[in-house]
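This briefing covers a predicted model.

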There are 2 protein chains.
Amino acid sequence: MPAKPAKDRLIAAAFELFEERGYDQTTVDDITERAGVGRTTFFRTFRSKEDVIFPDHEVLLSAISARLDGSTEQTALVAVTEAARLVLRRYVAEGELALARYRLTRSVAALRDREIAGTQQYQHLFRRFLHRWMGGGQDAALRAELMANAVVTAHNHVLRRWLRGQTREPEAEFDAAMADTVGLFTAPAARSGEHSVVVFQTTKDLDSVLPGLRRLLGETP
Amino acid sequence: MPAKPAKDRLIAAAFELFEERGYDQTTVDDITERAGVGRTTFFRTFRSKEDVIFPDHEVLLSAISARLDGSTEQTALVAVTEAARLVLRRYVAEGELALARYRLTRSVAALRDREIAGTQQYQHLFRRFLHRWMGGGQDAALRAELMANAVVTAHNHVLRRWLRGQTREPEAEFDAAMADTVGLFTAPAARSGEHSVVVFQTTKDLDSVLPGLRRLLGETP
């Protein structure tokens with residue numbers, strides 16, 4: 001079996017030490033010693049001790065940008081969902097490392113702050129993208145901000161449930177959560193000029209009126 | 001004219017000094033000296049130098065809690081809007097002080113982090129309230145979190161526009177923003193068990209199907 005790359009060894013060593021001694025009590029020298037890697041290699045790989053906790057943050061931001069930029073007007077909302085999914089998948093793929101990070105960010109204020117700042121960077125990407133997609137301008141600004149924050153909130157909601165061991169089906173929950181979230185912003189206003197969305201409130205039994213509705217509104221060419 | 005209370009003198013002195021010398025370069029002793037107030041008085045009034053920047057945070061949290069708790073099931077959404085309005089009004093009433101805080105929180109990372117943490121406390125209050133109002137449980141958890149974050153996002157959107165001098169009518173913008181935001185979560189799903197909401201998408205001309213729809217779903221006793 002080939003030796004792990006220096007980056008992986010540094011990450012593994014850092015997380016071990018943070019859990020053994022505490023984050024503040026661990027120095028970069030402790031980490032490089034445990035990993036069997038030189039200090040120069042550490043600082044070629046990470047900017048700081050904090051960076052080791054979020055080793056893929058920049059990569060994820062770039063991947064989100066690329067996924068959004070690769071979409072068209074018609075596929076924009078799918079792109080938003082799929083871009084958020086990249087983050088969820090990355091955490092799930094990390095497994096134990098993601099769980100250790102969750103314990104650390106809950107107990108070390110500096111790391112929690114760093115994580116919140118990172119979350120705001122995601123939100124900013126989504127907001128800018130959605131604002132442009134909505135046509136820009138002041139009218140779309142609030143809506144784009146609301147939708148971007150909602151997408152990140154829904155993602156974090158499911159991710160947190162997975163990190164806490166409350167779900168073993170994070171992707172299925174993510175699909176449902178994102179459908180609900182995107183639905184808030186897309187229904188009932190139809191985006192296509194060819195369709196009308198009819199919202200009716202009735203006290204009648206649904207089963208009794210559905211056949212008539214289907215006849216009345218049935219699919220037409 | 002009676003002398004200002006010590007609290008107001010300390011706040012005014014602190015903000016003057018932060019702008020003159022920078023936040024990090026100002027000590028509590030500098031502030032008490034400028035305000036002509038003893039060190040003991042400072043620490044009876046504030047826990048720390050940071051606290052002077054957000055002197056009403058705890059009071060606002062309590063006011064929000066009280067406004068929410070004083071509502072009924074029927075007035076819950078009005079209470080959410082009015083509770084958020086308390087924060088907006090407080091900032092607008094502060095005037096120049098709020099603008100100075102905005103400049104500080106944008107330039108001093110520790111203060112920005114503190115402000116974000118404060119925002120999360122607001123969100124938490126709204127989320128807990130809305131979750132209970134929605135009947136609790138896992139199904140309502142995501143929706144309550146989305147709605148709470150949306151309310152705070154809408155509030156902050158308008159507040160930021162006011163702080164940047166982009167609007168002189170913050171309350172009117174707030175009313176419109178909150179109506180849009182609450183509307184995302186209240187239409188078209190009916191909350192009453194006696195009603196069904198039917199959402200249908202059709203390519204037919206609306207005018208041609210509406211009479212039939214009205215007959216089919218017409219109001220019944």
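B:Ser62 sits in helix H5 (residues 57–69) of chain B. In this predicted model, B:Ser62 counts as exposed because it has 12 C-beta neighbours inside 10 Å.

**Other single residues**

- A:Thr105 belongs to helix H7 (residues 96–107) of chain A.
- A:Thr105 has 20 C-beta neighbours inside 10 Å and therefore counts as buried, the threshold for that class being 20 or more.
- Setting aside residues up to four places away in sequence, A:Thr105 touches A:Leu111, A:Arg112 and A:Glu115.
- For A:Glu115, ten residues from A:Thr105 along the chain, the C-alpha separation is 7.4 Å.
- A:Ser107 is also found in helix H7 of chain A, but A:Ser107 is exposed, with 12 other C-beta atoms within 10 Å.
- A:Ser107 and A:Tyr23 are 84 residues apart in sequence, while their C-alpha atoms are 9.3 Å apart in space.
- B:Glu16 is placed in helix H1 of chain B and counts as partly exposed, because 15 C-beta neighbours lie inside 10 Å.

**Helix H1 of chain B**

- Helix H1 (residues 6–21) of chain B contains 16 residues.
- From first C-alpha to last, H1(B) reaches 22 Å, close to the 22 Å expected at 1.5 Å a residue.
- Which residues of H1(B) are buried? They are B:Leu10, B:Ile11, B:Ala13, B:Ala14, B:Phe15, B:Leu17 and B:Phe18.
- The cover over these buried residues of H1(B) includes helix H2 (28–35), helix H3 (39–45), helix H4 (49–53) and helix H7 (96–107) of chain B.
- An α-helix has 3.6 residues a turn, so residues three or four places apart point the same way.
- After H1(B) comes B:Gly22, with a positive phi near 100 degrees.

**Helix H9 of chain A**

- Helix H9 (residues 137–163) of chain A has 27 residues, which should span 39 Å at 1.5 Å a residue.
- The end C-alpha atoms of H9(A) are 38 Å apart, so the model agrees with that expectation.
- H9(A) is followed by A:Gly165, and the phi of A:Gly165 is positive, near 75 degrees.

**Nonpolar core**

- The largest nonpolar core holds 57 residues.
- Within that core, A:Phe126, A:Val151, A:Ala154, B:Phe126, B:Val151 and B:Ala154 touch the most other members.
- Apart from its neighbours within four places in sequence, A:Ala154 is in contact with A:Ala177, A:Met178 and A:Thr181, and with B:Leu142 and B:Leu146 of chain B.
- In soluble globular proteins, nonpolar side chains tend to be buried together.

**Chain A: composition and domains**

- Chain A has eleven helices and one strand, in the order α-α-α-α-α-α-α-α-α-α-β-α from the N terminus.
- Of the 221 residues in chain A, 27% are buried.
- Among contacts in chain A with a separation of 6 or more, 55% come from residues 24 or more positions apart.
- The domain assignment divides chain A into domain 1 (6–51) and domain 2 (54–186).
- The centres of domain 1 and domain 2 of chain A, taken over C-alpha atoms, are 27 Å apart.
- Seven residues from domain 1 of chain A and nine residues from domain 2 of chain A take part in the contact.
- On the side of domain 1 of chain A that touches domain 2, helix H1 (6–21) and helix H4 (49–53) of chain A each supply at least two residues.
- H1(A) gives the most to that side of domain 1, with four residues.
- By class, that side of domain 1 has four nonpolar, no polar and three charged residues.

**Confidence**

- Chain A has a mean pLDDT of 87, with 83% of its residues at 70 or more.
- Over residues 189–197 of chain A, pLDDT stays under 50, and the model has 15 contacts beyond four places in sequence for this stretch.
- The model scores ipTM 0.78 and pTM 0.80.

Key. Residues numbered from 1 in each chain as written. Chains lettered and ligands numbered in written order. Predicted model: local features only at pLDDT ≥ 70, side-chain atom pairs only at ≥ 80, totals over all residues. Domains from an automatic or database assignment. Contact = placed C-beta atoms within 7 Å. Nonpolar A, V, L, I, M, F, W, Y, C, P; charged D, E, K, R; others polar. Core = buried A, V, L, I, M, F, W, Y, C linked by C-beta atoms within 7 Å. Expected span 1.5 Å × (residues − 1). pLDDT = per-residue confidence, 0-100.
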